Number of protein chains: 2
Amino acid sequence: MREVAIIGIGQTSVEEHWDKSLRELATQAILDALQEAQRDKVDGIFVGNMMSGMISRQENLGTLIADWAGLRGVEAFKVEAACGSGAAAVHLGVMAIASGYMDSVIAMGVEKMTDTSMPETTAALATAADADFEGDQGVSFVSLNALIMQRYLYEYKWKHTDFAPFSINAHENALNNPNARLHDRISLAEYRKARMICDPINLLDASPTGDGAAAVVLVPLDSLRSNGHARVVIAGSTAATDSIAIHDRKDGLWLSAAYASAQKAYGQAGIQPDDVDLFELHDAFSIMAALSLEACGFAERGQGPRLALDGEICPNGRIPVATRGGLKARGHPVGATGVYQIAEIVQQLRGEAGKNQIQDARIGMAQNIGGSGSNIVTHILKSA
Amino acid sequence: MREVAIIGIGQTSVEEHWDKSLRELATQAILDALQEAQRDKVDGIFVGNMMSGMISRQENLGTLIADWAGLRGVEAFKVEAACGSGAAAVHLGVMAIASGYMDSVIAMGVEKMTDTSMPETTAALATAADADFEGDQGVSFVSLNALIMQRYLYEYKWKHTDFAPFSINAHENALNNPNARLHDRISLAEYRKARMICDPINLLDASPTGDGAAAVVLVPLDSLRSNGHARVVIAGSTAATDSIAIHDRKDGLWLSAAYASAQKAYGQAGIQPDDVDLFELHDAFSIMAALSLEACGFAERGQGPRLALDGEICPNGRIPVATRGGLKARGHPVGATGVYQIAEIVQQLRGEAGKNQIQDARIGMAQNIGGSGSNIVTHILKSA
């Protein structure tokens with residue numbers, strides 16, 4: 001199995017890109033990543049995307065993007081794992097390199113969510129749930145998360161405001177990320193009075209949608225000559241699933257797929273949770289941040305909010321999360337999110353995270369969640 | 001790079017399965033394949049599918065299918081390459097095994113196309129074309145192929161009826177395939193008078209849509225103990241792309257992605273076209289059968305119909321195609337088609353193709369085409 005290195009990254013800003021089409025956004029991230037990698041071609045491209053068929057009436061998306069980016073001829077595939085599509089594309093790209101079938105890969109994610117009405121976007125997001133047993137009941141994606149959060153508050157006796165530090169930290173960290181969707185500091189008072197979306201999830205518990213694309217260039221580590229630059233290798237690349245419908249779980253407050261994929265990733269990387277210097281988790285909703293921290297071994301069950309209240313998730317804390325804003329403030333262009341997480345970790349491991357730089361960051365973990373915890377992809381990156 | 005073997009296959013019939021949902025169809029193929037492989041679990045599942053989001057309002061499809069099939073927990077991904085999605089899923093599954101990341105994989109395809117109106121299905125199929133520059137003009141998928149066929153007739157001076165043997169052979173071969181969508185012998189006279197769909201493509205040039213699922217179980221060859229049974233190994237697994245829009249091609253009558261992926265596959269397998277005993281090609285339209293034969297080296301340019309007229313594509317000919325009915329008569333449930341092709345070759349190489357058995361079949365090639373020749377996946381299977 002060949003070790004895989006990331007030699008280039010590209011990210012567009014996350015916003016309402018009304019002047020850029022799906023293919024243009026994707027191409028911008030690709031060209032930036034290729035330029036950084038000093039390459040002009042690759043063997044294959046893996047495109048993470050969830051809703052191009054529904055929103056943009058475009059499938060055959062890998063082909064389209066390869067073509068528009070000037071890479072006509074390469075192998076090209078779209079990979080879908082709901083909101084986990086981006087990291088899934090990276091995972092499949094890693095396997096393509098490790099297998100020896102490909103010597104260079106662009107793994108990317110792109111999502112164009114704002115070229116339609118909000119009800120259409122909400123309906124498209126709901127296709128991540130079980131269409132026949134959840135979606136058909138009119139259950140939206142936020143309402144599924146609200147059910148989970150409601151139960152969590154009841155079971156572990158937290159107050160809603162105990163989740164505020166997750167959102168406050170994310171917004172704070174996004175201030176220095178030019179690609180972030182939101183650039184506003186928020187206070188506890190603002191969190192408290194934020195408009196309710198689906199009880200108990202309010203506006204400041206929820207990540208904003210947006211358009212965006214991110215890309216990484218993957219090559220075998222042994223193909224690189226030493227050039228004195230820090231290298232980033234993928235030390236762990238895994239995935240796991242749980243039931244797609246939350247009513248099918250024995251325990252709705254335990255992300256078994258997060259646990260399983262994290263354990264596999266720790267094993268591949270030969271590390272423990274304590275070794276992780278930063279964690280780009282999937283804070284689509286603040287409840288998911290808490291559940292991820294617990295499933296991955298950073299907090300005891302039911303104690304995710306405690307880490308946040310103690311400041312341990314902040315840049316100088318024990319396990320910094322959302323270091324460039326997370327889904328909450330960088331934004332959540334769903335199929336692209338997992339690649340943003342990985343690109344942001346690359347920046348941290350290279351020491352290129354500016355004012356958000358985590359001191360001496362050597363090992364970063366990214367966890368991208370599809371559905372209500374049903375398909376979870378975990379990556380561990382190391383500087384080498 | 002580990003060699004990959006196919007140890008189990010499953011196929012549902014291709015028809016209007018109004019009594020079976022997307023997940024039920026997929027599960028049926030999976031359970032059949034697992035039973036044949038004598039396995040009850042795998043490490044990962046790769047689901048080829050094009051239109052579940054648009055037709056069934058279901059994404060997160062890998063998770064859904066893993067869950068319903070009793071495989072909750074495994075890695076699960078949907079792979080989309082338009083009508084080439086099925087073979088793309090197999091290709092990615094092959095890389096997962098070859099990489100060492102997985103030791104067992106279900107690669108499958110499923111499509112549910114009849115749970116909606118025909119205009120909806122036609123619109124969903126059109127998403128395989130360039131949405132902004134073809135789809136938005138109202139160009140349907142059949143009309144793109146009609147443009148290609150029209151030009152071919154003009155350029156190479158064939159008559160429309162010269163394509164009849166492709167359809168006649170496919171229908172003949174489907175008679176003995178219980179999974180085929182169509183079980184009717186057709187004559188030259190019937191071909192001539194078939195209803196025009198989009199000039200020059202008539203009803204008997206075009207493959208029928210349908211619901212269906214097919215699956216294969218992949219494992220590393222070296223994990224198998226010798227048990228005296230014939231084994232089927234994947235000797236070539238490749239893909240290539242061309243421009244997504246046909247107006248962007250220098251030569252609209254040359255499937256450059258078919259050529260490129262076939263050449264790579266021949267190289268991997270260490271064979272020449274002459275060594276291929278049967279060819280499951282992508283006869284979505286009869287013109288595509290001709291173009292595939294030419295691009296893969298079985299006929300000179302412009303001479304695909306000659307092979308057919310000479311009977312060389314028939315079961316006892318030089319290069320039998322559509323041996324179980326092909327897309328034309330087995331049917332074309334788009335995201336599943338590529339896996340049907342591979343499963344049918346497995347049957348041939350095992351000597352289990354019944355009345356359609358190709359004598360002494362040792363090497364079979366499958367070619368699955370996404371879009372109007374824009375994303376093409378080629379596999380070469382060998383008995384070992």
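This is a predicted model: local features need pLDDT of at least 70, side-chain atom pairs count only at pLDDT 80 or more; totals for chains, interfaces and linings use all residues.

User: Which elements give two or more residues to the side of chain A that touches chain B?
Analyst: On chain A they are α2 (52–56), α3 (61–68), β3 (75–80), α4 (85–99), α5 (118–125), β8 (232–241) and α9 (256–269).

User: Which one gives the most?
Analyst: α4(A), with eight residues.

User: And by class, what is on that side of chain A?
Analyst: It has 32 nonpolar, 20 polar and 13 charged residues.

User: How many salt bridges across the interface of chain A and chain B?
Analyst: The rule finds six. One of them pairs the side chains of A:D132 and B:R23, at 3.0 Å from N to O.

User: Now size. How many residues does the contact take from each chain?
Analyst: 65 residues from chain A and 65 residues from chain B.

User: What area is buried between chain A and chain B?
Analyst: About 4,900 Å². Carbon and sulfur atoms give 54% of that.

User: Which three residues supply more than any other three of the area chain A buries against chain B?
Analyst: A:R57, A:E80 and A:Y101. Together they supply 15% of the area that chain A buries there.

User: Back to β3(A). What does it pair with in chain B?
Analyst: Strand β3 of chain B, residues 75–80. Three bridges join the two strands, and they run antiparallel.

User: New topic: backbone. Where are the cis peptide bonds?
Analyst: One joins A:D199 and A:P200, with omega about 10 degrees. Another joins B:D199 and B:P200, with omega about 5 degrees.

User: Where do those prolines, A:P200 and B:P200, sit?
Analyst: A:P200 is in the loop between β5 (196–198) and β6 (201–202) of chain A. B:P200 is in the loop between β5 (196–198) and β6 (201–202) of chain B.

User: Which residue has a positive phi although it is not a glycine?
Analyst: B:A322, at about 50 degrees. B:A322 lies in the loop between α11 (304–309) and α12 (326–329) of chain B.

User: Why flag those?
Analyst: Because most residues other than glycine have a negative phi, and most peptide bonds are trans.

User: Last one: what are the confidence scores?
Analyst: Chain A averages a pLDDT of 97, and 99% of its residues score at least 70. The model scores ipTM 0.98 and pTM 0.98.

Key:
Residues are numbered from 1 along each chain as its sequence is written. Chains are lettered from A and ligands numbered from 1 in the order in which they are written. Side-chain values use heavy atoms; hydrogens and water are left out. Contact means heavy atoms within 4.5 Å. Buried area is the accessible area (1.4 Å probe) that two parts lose on being put together, summed over both. A salt bridge is a side-chain nitrogen of Lys or Arg within 4 Å of a carboxyl oxygen of Asp or Glu. Helices (H or I, at least four residues) and strands (E, at least two) are DSSP runs, numbered from the N terminus. Ala, Val, Leu, Ile, Met, Phe, Trp, Tyr, Cys and Pro count as nonpolar, Asp, Glu, Lys and Arg as charged, and the others, Gly among them, as polar. Two strands pair if DSSP finds at least two bridges between them. pLDDT is the predictor's confidence in each residue, from 0 to 100.
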